[in-house]
Every structure is written in C-alpha cells, then in structure tokens.
Amino acid sequence: MTTPSPQRARSAAAKQQRERAILDAARALGADRSVREVTLTDIAAAVGMHKSAMLRYFETREQIFLALTAEGWEDWSGALRARLGEFTEGDPRAVAAVLAQSLVARPLFCDLLAQAPLNLERNVSMEAVYEFKTVVLGEVAAVAGELCRLFEITERAAVDVISTATSMAGALWQMAAPGTGLRALYEARPELAHAVVDVEPQLARILGALLEGMRSTAT
C-alpha cells in the first residue's frame, strides 16, 4: 500500500512551509551521514514526497544543500561575532581557539564547507550561485569587521583569516572522517596513527600562527 503524495503547495506561505520541511529533512539526513551520501530520493522519502515533486521547490539536491550552507554561514557568523564581541583586544591564540571551536561545534557546516565549492555550486543555476555568494560575502564582511577591530589589520587580511578558517575546517573535517569506517581503520591500526586528524586543536594552531603573523606585520 502506497502513501498518497502531499498535494502541491499553492499559496506562497504553503510553498515556504514545504521548502522548510525539505530543508529540515536534508539537514537531518546530512547530519546523520556525509552530505555526499544523501540523495534526492532520500530527502523526498523523508518528507513524504515523490522525487519529481521535489523539483517544484528546488532545482537539484545540490540547491537544497547550498541553501543549508548559506544558513550555516548566517548561524556561524552570528554566533562567532557574539563571541568576538566579548574581546576588548586581539589575543591571537584566544581568538584562534574561538574560531576553531565555533566551526567544530557545527559538523554539518564543516561538511558543507568542503562540498560547496567542489560540487554544490557546480550543479545549480547561476542565479542560485549568485544568491548564495551574496549571503556568504555579507557574513564574511561582518566577521571581518570584528577581526579588524581586534587586530587593527586590513579588511583583506581579515578576509584571508576567514577564508583560511573555513576552508581548513572543511578540508580537515573530510580528512578526519568522523563516524566512518575510515576513521575506525585509522584508529585501529597503529601504523596509520598519523592519519588521525583532531580538527579543533590543529585548526586552532594554524589560525593562531596566522593571526600572530598578521599582528606582527601590522605592528
């Protein structure tokens, strides 16, 4: 016995509600396993829709996850700026620790940070990419303002710190492979111990050194 497909959302409010349900389902699935393993069929099943009906709301599975990446940027930026606002002066190691912790506390975001430039942005319309980049650049500028305040560095230097933090978080998260068979293999075989990546302290060390160097250069 099959479950009837939900009727098409006809009002703007109903459409937004359906889009939110799709995004929430994709978020839950992505948090439970790697984003690259979640298919459009998986998301459709989670919201009780046929895969073809999903295309009325999002053009591809990549657009769904790109929208979640944009939301991740907004969430991370807002929380990070609140933390940085507690600092009255720039302490490179302390700020680096906050940056690293704020990213590692968002595992799905770290996964999405790696997936976005590799495949999400490449499988959506140019309009979707434009909307995504507009959100990201706005959040980057907001965080950069806090870093400029703390370290008296240029906006370009602050953007470099943010780019390093987010790109390294994405890359290190993929290398760490938490919750996967790869991670279990690395931890079970002593000769592969060098492959075990502990993301937060490694990211904090990298960012701390970068901020130290930038502060010295500015001085």
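The model is a predicted one, in which local features need pLDDT of at least 70, side-chain atom pairs count only at pLDDT 80 or more, and totals for chains, interfaces and linings use all residues. Residues are numbered from 1 along each chain as its sequence is written, and side-chain values use heavy atoms, with hydrogens and water left out. The protein chain has ten helices and zero strands, where helices (H or I, at least four residues) and strands (E, at least two) are DSSP runs numbered from the N terminus.

**Overall picture**

- Along the principal axes, the C-alpha atoms of the protein chain fill a box of roughly 70 × 45 × 30 Å.
- Of the 219 residues in the protein chain, 44% are buried; here buried means under 20% relative accessible area, exposed means over 50%, and partly exposed lies in between, using a 1.4 Å probe and protein chains only.
- Among contacts with a separation of 6 or more, 70% join residues 24 or more positions apart, a contact being heavy atoms within 4.5 Å.

**Helices H4 and H7**

- Helix H4 (residues 61–84) and helix H7 (residues 126–151) have axes that come within 10 Å and cross at roughly 15°.
- That crossing makes H4 roughly parallel to H7; angles under 35 degrees count as roughly parallel, over 145 as roughly antiparallel, 65 to 115 as roughly perpendicular, and the rest as oblique.
- The axes are lines fitted to C-alpha atoms, for helices over the stretch in contact, and the angles run from 0 to 180 degrees between N-to-C directions.
- H4 and H7 cross in a left-handed sense, meaning that the near helix is turned anticlockwise from the far one by less than a right angle, whereas clockwise would be right-handed.
- On the H4 side, the contact includes Leu66, Ala70, Trp73, Leu80 and Arg81, while the H7 side includes Phe132, Val136, Glu139, Val143 and Leu147.
- By type, the residues of this contact divide into 14 nonpolar, three polar and five charged; Ala, Val, Leu, Ile, Met, Phe, Trp, Tyr, Cys and Pro count as nonpolar, Asp, Glu, Lys and Arg as charged, and the others, Gly among them, as polar.

**Salt bridges**

- The structure holds 14 salt bridges, each defined as a side-chain nitrogen of Lys or Arg within 4 Å of a carboxyl oxygen of Asp or Glu.
- As background, side chains of opposite charge can pair when their charged atoms come close.
- Arg81 and Glu139 form one of these bridges, with their closest N and O atoms 3.6 Å apart.
- This pair links distant parts of the chain, since Arg81 is in helix H4 and Glu139 in helix H7, 58 residues apart.
- Arg81 is partly exposed at 29% relative accessibility, whereas Glu139 is buried at 14%.
- Within helix H8, Asp160 and Arg156 sit four residues apart, about one turn of the helix, and their side chains meet in a salt bridge at 3.2 Å, N to O.
- Asp160 is partly exposed, with a relative accessible area of 32%, while Arg156 is exposed at 53%.
- Helix H10 (residues 199–218) holds both Arg215 and Glu212, three residues apart and again about one turn of the helix; the closest N and O atoms of their salt bridge are 3.4 Å apart.
- Arg215 is partly exposed at 33%, and Glu212 is partly exposed at 25%.
- A network of salt bridges links Arg20, Asp24, Arg27 and Glu71.

**Single residues worth a look**

- Ile43 belongs to helix H2 (residues 40–47) and is buried, at 0% relative accessibility.
- Leaving aside neighbours within four places in sequence, Ile43 is in contact with Ile22, Ala25, Ala26, Leu29, Val38, Met54, Ile64 and Phe65.
- From Ile43 to Gly30 the C-alpha distance is 9.7 Å, across 13 residues of sequence.
- Leu137 lies in helix H7 yet is exposed, at 58% relative accessibility.
- Leu137 and Arg106 are 31 residues apart in sequence, with 19 Å between their C-alpha atoms.
- Glu152 is in the loop between H7 and helix H8 (155–176), and its phi is near 55°, a positive value in a residue other than glycine.
- Glu152 is also exposed, with a relative accessible area of 69%.
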